[in-house]
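Let's take a walk through this protein together, one neighbourhood at a time. Keep the 3D view open and turn it as you read.

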Amino acid sequence: MAEGGDPRNNRPIFMKLSQELPGRWKDIGRGLDLTEGEIEAIDLNFPNDVREKCLQVFLTWERKFGKLSLEDVSKSLQRIGRKDLVSLVEHGASAVGEMKTQQDAVKQSTSKTSDNNADAQMNPTIEVDKALPDMYGTCGEHSQMERNKYCNTCDLVTCVECALRDHGKHDVFPVFDIAGKAGEERKTITTQLEQTLCEYGKAERHYGERKKLQKKCRDQALQGMEQRLANMEAQVHKQKQDLMNMVREKEKSDMEEEERIGRLVDDVSSLKSEVQKVKTNPVDDWRNVKSMKRKASEISCDVGNMGEIRADFLFEPVPNNGVFGRLKMSKFIGGVMVMPTQLVHVHDDRLVNGNIVLTCLNPNNPAKEYWRYSAMNSNVWAPVIMSNRPALAGVNHLILGAGCEVFIVKPHQSGPSYDSVDSVLSLTIDGVPPGSWITCIAVRILANEAYSKFAVLTGHSTSIRVYRLSGEVDSVINISGYKLLRDVTFLGYHTDTFACIIRDSDKITLFTAEDASNQCRFLEPPSVGMMPAKIISSGVQWLVLSIRQETNQWNVFTHEISGESQNICYEGTYDDPQDIPVSITHFKGDCFVSLANQRVVKFTC
């Protein structure tokens, strides 16, 4: 084992060992026979630099014993279990010999640069920065101090004295730590890049899973649509068959009627010939006359019955795709009270004759009709929408809608009732998105009376438009923050408060025109499972029609306008789809619920 001469020639070895053994510097010192006091002094002089403590162990040993044997260093490394560093000492010794030979061949002024190059050869991880050629030289101001400190703040190499004086609060560390810090930063950057790649992989997998889920949802939606279309086709086919069977039965009945008419004609001819015959016995003749009179009355009654219009065929119940199941051949939309004894029922008859039919009848006796009116509308695919409260401006106006049009129907008043329709104003609603239509119409109600304004909501819209009966736009209430507008199935309007029935929700949402961007409060159902279908304002409270199809129950409950309290005012059941409630309206303290069979249920609320 070679021995070291000038302690500076062994410094590259010591610097390398101080980088490899920073945490074992005390063991190294004890292995090199340093006293505990000397170890304690090193610890106090360099409190925050572990590598510097390790380097000072070797330098203290050289100062204490003069000439250092690298063999002792190797033995000390073996004693602490670091045999892997013995080869580093041996390689360092041979490098020191080569470097000494080179120093003899060059001038004394270049000896420091040669030492730095030897350090770079001994420690491949430490490269001499060409921008700092005197990195391991002495300080120009303090000639006895080595420039072994690096200020990261000022990007400057300096000595200990200058570092303490000029860079006290800066980020200063030994120049020998630069390689280690750079290595740590490289590891950090590598780890960050690996984490980025890992996150990219996760994002790529998430995107792939999302695409699969979207495809699955799309396929399921297409399958559901195909199934619904198939069901609709089956329903249409069944309806067609039912209608054809009904027509055949009526044709058969008509043939029987024709045969009966023929028999009646023969009976009349035979009876006429018998009338002319007079029996000789007055009693027998009187009896014969009474018998002929009775036969004549029967024939006359049969002929009178045959002359009646068979209206039952025109209004035969058939399956219907409306919300409430089986209705009449023309879809029944609902009713609205316009006078104490006048209720107007609205039918969608566009698929049959292109008309929307209004029938004014007595709610206490629906068979009693006052007048009818047909409004032409060619848009047979958009649903017919109506307000269940009339708008008041001299007379009670009915508000209907279909597609992008609103119909303002003004009835003609004759005495205490309406006897016909005076005029109809057709209003085209602007801003209806393509492929959409009017979904809700609600007349604004104020303190026990209707008002001459009404609100219109269209599908996929972000606003509610309020109109006057003249057709002018009164205001536009933007509700861009609401995601639920396209799911609104019915709308109530009281003063400045809107009540929205949301699809598949058992709660009713309330919000005001002044604060339309925020959801105000909810109206809770009176019992679990009751789904709200219609809501109107009576002027002092909300009236809500709710249905529970699982148990064939329905009820009408009231809510304060503020939504604080509730009360059930009517409960009903149905066994036949014809008895399902379709609409609710109100007039001067009385509530009227129209059923699918056009029967009207009246009660006080």
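Start with strand β12, residues 395-402, which is mostly covered: eight of its eight residues are buried. Keep in mind that you're looking at a predicted model.

Who are the neighbours of β12? On one side of the story there's strand β10 (residues 384-386), joined to β12 by three bridges, with the two running antiparallel.

Now go on to strand β13 (residues 405-414), which runs antiparallel to β12 and is joined to it by five bridges. Ala402 turns up again, this time with Glu405 of β13 as its bridge partner. β12 and β13 make a hairpin too, with two residues between them, and Gly403 in the turn has a positive phi of about 65°.

Next stop: another covered strand. Is strand β25 (residues 553-560) largely enclosed or open? Six of its eight residues are buried, so β25 is largely enclosed by the rest of the structure. Strand β24 (residues 541-548) is joined to β25 by eight bridges, and the two run antiparallel.

Asn552 isn't a glycine, yet its phi is positive, near 55°. It is partly exposed, with a relative accessible area of 27%.

Asp155 is another non-glycine residue with a positive phi, about 55°. You'll find Asp155 in the loop between β1 and β2 (156-158). Why does Asp155 count as exposed? Its relative accessible area is 51%, and the exposed class begins over 50%.

Now for the charges. Side chains of opposite charge can pair when their charged atoms come close. How many salt bridges does a search of the whole structure find? The count is 17. Here are some of them, with the N to O distance for each:

| Salt bridge | N to O distance |
|---|---|
| Glu141 and Arg165 | 2.7 Å |
| Asp474 and Arg468 | 2.8 Å |
| Lys238 and Asp242 | 3.2 Å |

Glu141 and Arg165 meet through their side chains. This pair links distant parts of the chain, 24 residues apart: Glu141 is in the loop between α7 (111-122) and β1 (149-151), while Arg165 is in helix α8 (residues 160-166). Arg165 is partly exposed, at 47% relative accessible area.

Lys238 and Asp242 have another arrangement: both lie in helix α9, four residues apart, which is about one turn of the helix. Lys238 is partly exposed at 49%, and Asp242 is partly exposed at 29%.

For the Asp474 and Arg468 pair, Asp474 is partly exposed at 27% relative accessibility, and Arg468 is partly exposed at 34%. There's also a network of salt bridges, which links Asp27, Arg30 and Glu36.

Finally, go back to helix α9, which spans residues 178-275 and holds Glu256. Glu256 belongs to a negative surface patch, together with Glu251, Asp254, Glu258 and Glu259. Glu256 has 45% relative accessibility, so it counts as partly exposed.

One last stop is Asp43, in helix α3 (residues 36-45). Asp43 is partly exposed, with a relative accessible area of 23%. Asp43 and Cys54 are 11 residues apart along the chain, and their C-alpha atoms are separated by 9.7 Å.

How values were computed. Residues numbered from 1 in each chain as written. Predicted model: local features only at pLDDT ≥ 70, side-chain atom pairs only at ≥ 80, totals over all residues. Heavy atoms only, no water. Patch = residues over 30% accessible without salt bridge, like charges linked within 9 Å, V, L, I, M, F, W, Y side chains within 5 Å. Areas by Shrake-Rupley, 256 points an atom, 1.4 Å probe, with all protein chains shown as cover. Salt bridge = Lys/Arg side-chain N within 4 Å of Asp/Glu carboxyl O. Lys, Arg positive; Asp, Glu negative; His and termini not counted. Charge placed at Lys NZ, Arg CZ, Asp CG, Glu CD. Buried < 20%, exposed > 50% of the residue type's maximum accessible area, 1.4 Å probe, protein only. Pairing = 2+ DSSP bridges.
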